[in-house]
Amino acid sequence: MKIPEIHIPIVEIPIEKNVKLFIKREDLIHPQISGNKYWKIFYNLNYYLESSPEKPIIITFGGAYSNHISAVSAVGNIFSIQTLGIIRGEELEKKWIDNPTLVTAKRNGMNFRFVTRDDYRNKQKMTELLQIEFPDALIIPEGGTNAKAVEGVKMMLNNDTKDFDYLCTAVGTGGTIAGISHFCEGNQKVIGFKVVEDTSLENRISELTSKRNYHLTDAALGGYGKINDDNVRFINDFKMKYDVPLEPVYTGKMMQKVFEMIDDNYFPAESKILCFHTGGLQGIEGANMLLEKQNRNLIR
Ligand SMILES: *Cc1c(COP(=O)(O)O)cnc(C)c1O
């Protein structure tokens with residue numbers, strides 16, 4: 001299997017504190033398949049294509065603003081593979097056209113099935129039925145997290161990441177932190193910033209990594225999946241000062257929380273901290289539409 005040579009820059013965020021802070025710009029990896037989603041899909045797709053499916057189709061799950069749905073639709077477009085998105089919320093059937101993530105996915109050729117939140121919760125059952133309906137399908141779970149995804153996350157680590165004391169990532173379904181934990185150096189500590197509600201999270205992570213070198217901290221900042229005005233200010237400031245765009249669901253919340261932890265002296269003096277910019281910038285447009293409707297400050 002060919003592994004692309006992609007060099008991802010690590011940039012310093014000059015904060016003038018007693019620790020050093022860096023950010024790895026995985027968001028730059030691909031304009032549409034950004035950040036961790038690129039590597040999470042990588043092996044899933046490679047193994048699938050090696051099996052030469054007769055009627056290839058990729059099926060996956062997500063919410064209306066999902067970065068994973070967006071990434072899978074782009075993969076389908078690039079590789080000319082049909083894609084089907086199982087989208088949470090039957091009400092979207094009539095108004096997906098107002099949602100920029102879904103409009104882009106559709107333009108990439110993705111078909112949708114909108115399901116109720118109850119059905120969505122029962123994804124295991126749905127997956128079984130879909131595999132019967134589409135015997136050749138590659139069915140990827142929500143957020144793209146499975147064992148092959150975790151294998152792909154290894155690609156986010158390399159010689160450049162070895163010297164850091166702390167590795168930080170936002171946590172949704174847990175595949176990314178599991179991969180970082182499993183493949184990082186023995187002396188490195190991993191911190192996961194939980195930004196979405198998921199009761200099965202801790203079990204899933206512990207099944208996907210053999211190590212216990214990670215720590216999860218809550219980074220909901222006023223509500224899981226909710227956009228926080230204070231965080232929007234932080235994101236706008238951050239971009240102005242450091243020229244790095246963040247988004248309000250994952251990376252913005254992680255970075256704000258990292259700044260708080262630095263101010264609280266969580267990290268020993270002289271620590272070298274590396275935050276993974278896991279991408280997701282496609283979500284800003286949808287977030288701004290919501291903020292505008294509510295007469296709140298926008299992400300610039
Ligand atoms: C999906 C996503 C995450 C979370 O990754 P998990 O592997 O699901 O924990 C973090 N940041 C961004 C921008 C994402 O799109």
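**Ligand shell and beyond**

Mentor: Start with the shell around the ligand: its residues divide into three nonpolar, eleven polar and two charged. Keep in mind that this is a predicted model.

Trainee: How many residues surround the ligand, and which are the closest?

Mentor: There are 16 residues around the ligand. The closest are Lys-37, Lys-40, Thr-173, Thr-176 and Thr-278.

Trainee: What about oxygen atoms of the ligand? Which polar side-chain atom lies 2.7 Å from one?

Mentor: That one belongs to Asn-67. Backbone atoms take part as well. An N or O atom of the Gly-174 backbone lies 2.8 Å from a ligand oxygen. For Gly-175, a backbone N or O atom lies 3.3 Å from an oxygen of the ligand.

Trainee: And how much of the ligand does the protein bury?

Mentor: The protein buries 99% of the 380 Å² that the ligand exposes when taken alone.

Trainee: Which elements give two or more residues to that shell?

Mentor: Helix H1 (36–50), strand E7 (166–171) and helix H7 (175–183). H1 gives the most, with three residues.

Trainee: OK, switching to the surface. Which residues make the nonpolar patch?

Mentor: Leu-49, Ile-78 and Phe-79 make a nonpolar surface patch of about 270 Å². Ile-78 lies in helix H2, residues 67–79. Its relative accessible area is 47%, so Ile-78 is partly exposed.

Trainee: What about Asn-77, where does that lie?

Mentor: Asn-77 is in helix H2 too. Asn-77 is partly exposed, at 43% relative accessible area. Its side chain makes a polar contact of 3.1 Å with the side chain of Asn-108.

Trainee: And how far is the C-alpha of Asn-77 from that of Phe-134?

Mentor: 19 Å, for two residues 57 apart along the chain.

Trainee: Then there's Ser-80. What is its phi?

Mentor: Positive, about 50 degrees, although Ser-80 is not a glycine. Most residues other than glycine have a negative phi. Ser-80 lies in the loop between H2 and strand E4 (82–88). With a relative accessible area of 67%, Ser-80 is exposed.

Trainee: Which other residue has a positive phi without being glycine?

Mentor: Glu-16, with phi near 55 degrees. Glu-16 sits in the loop between E1 and E2. Its relative accessibility is 81%, so Glu-16 counts as exposed.

Trainee: On to charges. How many salt bridges does the structure hold?

Mentor: Twelve. One of them joins the side chains of Asp-263 and Lys-17, at 2.8 Å from N to O.

Trainee: Why does that pair tie together parts that are apart in sequence?

Mentor: Because Asp-263 lies in helix H10 (residues 251–263), while Lys-17 is in the loop between strand E1 (10–13) and strand E2 (20–24). Those parts are 246 residues apart in sequence. Asp-263 is partly exposed at 48%. Lys-17 also counts as partly exposed, at 46% relative accessibility.

Trainee: What does Lys-123 form a salt bridge with?

Mentor: Glu-142, with the closest N and O atoms 3.7 Å apart. Lys-123 lies in helix H5 (residues 123–133), and Glu-142 is in the loop between strand E6 (138–140) and helix H6 (147–153), so the bridge ties parts 19 residues apart in sequence. Glu-142 counts as partly exposed, at 27% relative accessibility.

Trainee: And Lys-194, buried or exposed?

Mentor: Lys-194 counts as buried, with 18% relative accessibility against a cut-off of under 20%. Lys-194 forms a salt bridge with Glu-202, the closest N and O atoms being 3.5 Å apart. Glu-202 is partly exposed at 47%.

Trainee: Last one. What joins the side chains of Thr-217 and Lys-257?

Mentor: A polar contact of 3.4 Å. Thr-217 is in strand E9, residues 214–218. Thr-217 counts as buried, at 14% relative accessibility.

Conventions:
Residues are numbered from 1 along each chain as its sequence is written. This is a predicted model: local features need pLDDT of at least 70, side-chain atom pairs count only at pLDDT 80 or more; totals for chains, interfaces and linings use all residues. Side-chain values use heavy atoms; hydrogens and water are left out. A residue is near a molecule or strand if one of its heavy atoms lies within 4 Å of it. A polar contact is a pair of N or O atoms within 3.5 Å; within protein, one must be able to donate a hydrogen and the other to accept it, and residues adjacent in sequence count only if both atoms are side-chain atoms. Accessible areas come from the Shrake-Rupley method with a 1.4 Å probe; for residues, only the protein chains shown count as cover. Helices (H or I, at least four residues) and strands (E, at least two) are DSSP runs, numbered from the N terminus. Ala, Val, Leu, Ile, Met, Phe, Trp, Tyr, Cys and Pro count as nonpolar, Asp, Glu, Lys and Arg as charged, and the others, Gly among them, as polar. Patches are made of residues with over 30% relative accessible area and no salt bridge: like charges are joined within 9 Å, nonpolar side chains (Val, Leu, Ile, Met, Phe, Trp, Tyr) within 5 Å. A salt bridge is a side-chain nitrogen of Lys or Arg within 4 Å of a carboxyl oxygen of Asp or Glu. Buried means under 20% relative accessible area, exposed over 50%, partly exposed in between (1.4 Å probe, protein chains only).
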